[in-house]
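Subject: Structure for you to look at

Hello,

Here is the structure I promised to pass on. Please open it alongside this message, and my notes follow below.

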Amino acid sequence: MRLIGVDVGGTFTDLVYTDTSSNQTVINKVPTTLEDPSIGAIAGIKTLCARLNIDPGVVDHVLHGTTIATNAVLEFDGAKTGIVTNEGYRDILHIGRHQRPLNYSIMQDIPWQARPLARRRHRRVVGGRIAPPKGEVLQPLDEQAVREIAREFKAEGIEAAAVCFLFSYIDPSHEDRAKQIIEEEYPECFVTSSAQVAPQFREFERFTTAAMNAFIGPKVRDYVANFEAGLSAANLDADLHIMGSHGGAATASLVSEKPILTLLSGPAAGVLGGAWAAGLGGRDRLITFDVGGTSADIGIVIDGRFAEATARDTYIGGYPVLVPMIDIETIGAGGGSIAWVDRGGAFRVGPQSAGSRPGPAAYGHGGLKPTVTDANLVLGRLDKDHFLGGDMSLDSAAARTVIDGLAAELGLDPLETAAGILTILNSNMANAIRSRTVQKGLDPRDFALVAFGGAGPLHGAEVADMLGIPEVVVPAHPGITSAAGLLTTDLKYDAIKTEFQVQGAIDLSKLSGDFASLEADLRRQYAADGIADRDIRLSRAGDLRYLGQGYELRIEFPDGIIDAATLEEVWQAFHAGHEAEYGHVFPDSQIEIVNIRMTGVGLMPKIAAPSPRGDSAPAAARLHSGDCVFRIDGALRTFETIYYARQRLATDVPVPGPAVFVQTDTTTVVPPGWFATVETGDNMILRRGH
Amino acid sequence: MTAEPALKIRDGGARMDPVTASVIQGAMENIAVEMGHKLMRMSYSSIIRESEDFGAALTDPAGRQLCETPQSTPLQSGPIPGYIEGILQIFAERGDVLAPGDVIIHNSAYHGASHGPDVAFCVPVFVAGNLVGFSVTTAHHLDIGALSPGSCGIVDAMDAYAEGLQMKALKIYDAGRPNGPLWQMLRDNIRASDLVVGDMEAQIAAARIGADRFIDLIERYGLATVEAAYEDLMDYSERIMRDAIAALPDGRYNARTFIDGFEDSEDPARRDLPIEVTAIVAGDTITVDFAGTAPQVADRPINMPLKGTTDCAVWLTIRSILLDTAVHGHIPQNSGLTRPIKIVAPPDSLVNPTFPAPTIARFCSGNQAADTLMKALGQAVPRQISAGVGNLHVVSFSGIRATSHWVHMEIHEGCYGGRFGKDGLDAVDTLYANTRNNPIEDIESHLPLRVNRYELRDDVCPPGKWRGGIGSIREFEFTENGGVSVEGEGHVYPPWGFDGGADGHTSALIFVPNQGNSVPLPSKLPNKMARAGDKIVMVGPCGGGYGDPFERDSIRVVEDVRDGYVSIARARSDFGVVITASLELDEAETEKLRREQRSH
């Protein structure tokens, strides 16, 4: 099989080609074409094929990570969207949960009021009402009214519509029928329904998810169509798959229907890439640490599985969305983060970033604000002549000038200031990691930190030190980990149903029947994608809570028939999960099954492990030496430090810190007291001691 | 400004290097976040888990607040220093001593809690045998054993004893051992006690986590370093507040508003009660004087204790206006922020009542105090305030199934007035309240209630150059027999217009019986029986307008008409904008109409 992964970022589009039979892997990097990223991506594929001297027609799969949906939301640049909802509830999308985003603010805006996904004039109501618990129809759907609204939408130039009815997660028939009527009357319209995108309770969040799916729908659909057309024009008849926020790929046609699945496409690919790289060495309890110029993305992998965000914690652009997403903590901390003194006199780093233009002062593009990169250069941790593999040289004098300026403002020594910038940045990142580990009952000392992105390997060891993490894994190509991650994914689909069944009164046949119907849905989807039954893996889970609570915990359910004994195992697993997550358990409380879930994985071919490139002893990998500053026992000390060419170093030869490894896409810092060793899969492992 | 900060650090007398200070301060905020996160997720009753009516904070041994959870509602974390002061005072009076392993339960209205349902659990934090601080969670409980079900709408409580259990700094864990009789008394005297006790256990668990993390932090950096870091942090917050106050013109800024009180009462001392505020700005300090405010209502519970309600309302308002997060970014919330603010409240008044005057329904009065202070400050900083804010209704639904109670509380939102350059926020919690509503799909799935309607009011757009926010209508129907009680405000006095903007609209409550005619209800409703099929309609207020409506951008008026906020007729009469039947702007007619208006 021949696979190509294409990850579109804000500045560069990264491409990775792999041939699974020959284990050949080749990388390409091209500028992103912001007006239509598919143009740059297709061009990148063409040059890659030309360089490999292969006919594009032989490529089997193209896997794509895209920010097109995310940008449509963040830039509020989507379709003219209409809503059809129940009479009496026109403004659910406007009132939301009646909470202000900020406690202490008069001048704030509320995202869904200031930037409505559908304006009030386009929110139309119709008769029809379903009630819990079993979907009793209090009022039949007014089909004629729906038909008239559809015609009005057409006349008004509405481009996308979302049908949002209360309790559609119990019975979607009114939504399905209304959607069908709109499609009959106005087939050009992009139509979605709330139960189709997020069949679970909480109307504001579900309606918002549906409205957002409509808002971004036409744009993503057109983008995917363009991409496919571009592939055809380049003589590629490869299947196009797109990375979803949940860490699996989906077919182009599914993404065209549910673009909302791709909101965290790029960062999810990063977590996958980090997990894949570290997994080559057998590690499967991981903290992925993807640090670029402006932000750090942190993900958690346990036993090779990604932590998923709870439905109540998933927001984009301030709007809540109810779709499965990998739990990724993003903070404004990266190489371009600006260090500053706020008006109260406190020393801060980030979240503002100098970006790539003007960028850090060290870039020599006229940047005047001190950044993390400037601090790293002043401390000797970046090699001014080997930044990005020598493609760019850094301006030490400019970096020193901005750090001196900040030092004067703070009344600190310049080296203390530069080291302080790193300490504050690293501590912000360590706090973000704590929020995903310690606060959830996980001990970070049981994990390895996978450091990648342009700046991850610069900071990995010191952040690990703050948390007591024993090992840092630096993948072979930290700069293209996301693109490689695309080639490690499977076709992943989720199905969900709200149950509201309570311990002691569980309807076992309904529960089994509902699982069976979720399974049938998934199998149908895989059959449509041409995935053989033997390549499908299904797993069950439930969202459970103590009756009366408002937040659920995800608990695995066993396969097969569900009976009293298997349920008892589920209850015990919930108690244990609650204890682990919150440090407390309510043994006498009843448990409620809120949602059941089924996750399907359709196996896809994957990228093979890279072979180590180097065969040199450390002495032969050495480039030169210079001064590098580290804090030892509270005091700053300058060490004579050797700079190595990372790709030359042979496997299994530990190199003691202080040391700096340079390569085309990143720099790895090994502090005093740490050792670096290249191991299986061409990963470099940093360890404290011995 | 740019050259000053370095000087400030030296002038501010920083105790430690700014790097370590920044690291420790970040770690403390992280602790408070974790406490709030866990409490919210573990708790049972919707008032905590959905409405987020809870708080979590760490304090020093004297009760000074070091950090608070950002998830909390301001009226919960804000009073925590007062709780600790109250506990310390009671302990001193009784000669009691704190020990490791203790957990203190406390809800005394006149010792920081300000009303009984907000129960605090305080874990004293010891390191090497010395008290180094407190880890505290507070939360609004569904029921606290008052005279009628639920913990809101107890509007006929005639003194503090009628409001439910008073727990004055009691050890619910004594050196690690649970106080069995006290737990039993809670279970025996509180309705829906499974839920309430579950929430209390969740509060204790979250407070203990905070204590553990605080100990870890001290063990890592040393007590002296942590103390220096939080002293610097408080100085920092104080400095920012002083700078903000110093930027105001010195002067006295006075305003007065009224609350309904008991609009249906024959006793004039219970209704139409003034709240008066004079804000005196002098240099970098501000004094907020409530002289002119009505005397306390000695036998009805709308009085606001100075500590825990009045003070929080003042702090919240000043902070939201002068250090608006949307403008100034995140500023650490701690006791340093309140140092430059002095509050003067006449004794035995609505804003400083004396025990045993009842206080359980002081929520809306306090929000009105905040609104009145904003009205006063509007004279100093007209571009940083909103016109009059719509107040809230707190509603308790209850009933009995078999032998046990169900209780459900809802806060029905208000909205904001117009602001300089921006319309008011529609249908949202206001000022010191910032809770969340309950999903209709959750309510109907778990309670014998149905929500028949939830949307904005029609054609009530308060005129202004920037219009007031629009309130919502929420209609509940009982599907079984039960009861309802309400504490609300704003039925009589509409939110004030500002600088030529019109006043907003009052709120209302309507009872629609299954059979018979609808009846309006007062804003204070003691428990009222309801039968299956009976409905309660809550009509939210609309905020005041800001600026002359005839100066409103006519395009925005057209947009409001298209969105159904304003009728064509009102666009003409209230805004001087002429709109055609096809919803287009008639520019010539509009200009003419507006010119005529100006010449009058």
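How many bridges join strand 1 of chain B to strand 5 of chain B? There are six, and the two strands run antiparallel. Keep in mind that this is a predicted model.

**Strand 1 of chain B**

Let me stay with this strand. Strand 1 covers residues 54-59 of chain B, and six of its six residues are buried, so it is largely enclosed by the rest of the structure. Both of its faces are covered. Phe54(B), Ala56(B) and Leu58(B) are buried on one side. Gly55(B), Ala57(B) and Thr59(B) are buried on the other.

Strand 5 spans residues 130-140 of chain B. There, Phe134(B) is the bridge partner of Thr59(B). Strand 1 of chain B also pairs with strand 2 (residues 65-68) of chain B, again antiparallel, through three bridges. In that pair, Ala57(B) stands opposite Glu68(B). Strands 1 and 2 of chain B make a hairpin, with five residues between them. Gly63(B) sits in the turn and has a positive phi of about 95 degrees.

**Chain B as a whole**

Chain B has 15 helices and 20 strands. Its radius of gyration is 25 Å, close to the 25 Å that the globule rule gives for 600 residues, so chain B is as compact as a globular protein of that length. Its C-alpha atoms fill a box of roughly 80 × 70 × 40 Å along the principal axes. Of the 600 residues in chain B, 63% are buried. Among contacts in chain B with a separation of 6 or more, 73% are between residues 24 or more positions apart.

The domain assignment divides chain B into domain 1 (4-236), domain 2 (386-547) and domain 3 (554-599). The centres of domains 2 and 3 of chain B are 29 Å apart, taken over C-alpha atoms. Their contact takes five residues from domain 2 and eight residues from domain 3. On the domain 2 side, three of the residues are nonpolar, none is polar and two are charged.

One is in chain B. It has five strands in the order 14-15-20-17-18, with antiparallel pairing. Strand 14 (449-456) and strand 18 (519-521) of chain B stand at the edges with a single partner strand each, so one side of each is left without a neighbour in the sheet. The twist averages 20 degrees from one strand to the next. Strand 14 of chain B pairs with strand 15 (residues 472-478) of chain B over seven bridges. Arg453(B) stands opposite Glu475(B) in strand 15.

The other is in chain A. Its four strands run in the order 27-28-30-31, and the pairing is mixed. Strand 27 (622-632) and strand 31 (667-670) of chain A are the edge strands. Here the twist averages 25 degrees from one strand to the next. Strand 28 (residues 635-645) and strand 30 (residues 659-662) of chain A pair in the parallel sense over four bridges. Tyr644(A) stands opposite Phe661(A) in strand 30 of chain A.

**Where the chains meet**

On the chain A side, 63 residues are in contact with 75 residues of chain B. Elements of chain A that give two or more residues include helix 8 (203-233), helix 12 (396-410) and helix 13 (414-436). Helix 13 of chain A gives the most, with eight residues. By class, this side of chain A has 26 nonpolar, 24 polar and 13 charged residues.

Best wishes

Terms used
Residues numbered from 1 in each chain as written. Chains lettered and ligands numbered in written order. Predicted model: local features only at pLDDT ≥ 70, side-chain atom pairs only at ≥ 80, totals over all residues. Contact = placed C-beta atoms within 7 Å. Nonpolar A, V, L, I, M, F, W, Y, C, P; charged D, E, K, R; others polar. Rg over C-alpha atoms; globule rule 2.2 N^0.38 Å. Buried ≥ 20, exposed ≤ 12 C-beta atoms within 10 Å, placed from the backbone. Pairing = 2+ DSSP bridges. Axes fitted to C-alpha atoms, helices over the stretch in contact; angles between N-to-C directions. Domains from an automatic or database assignment.
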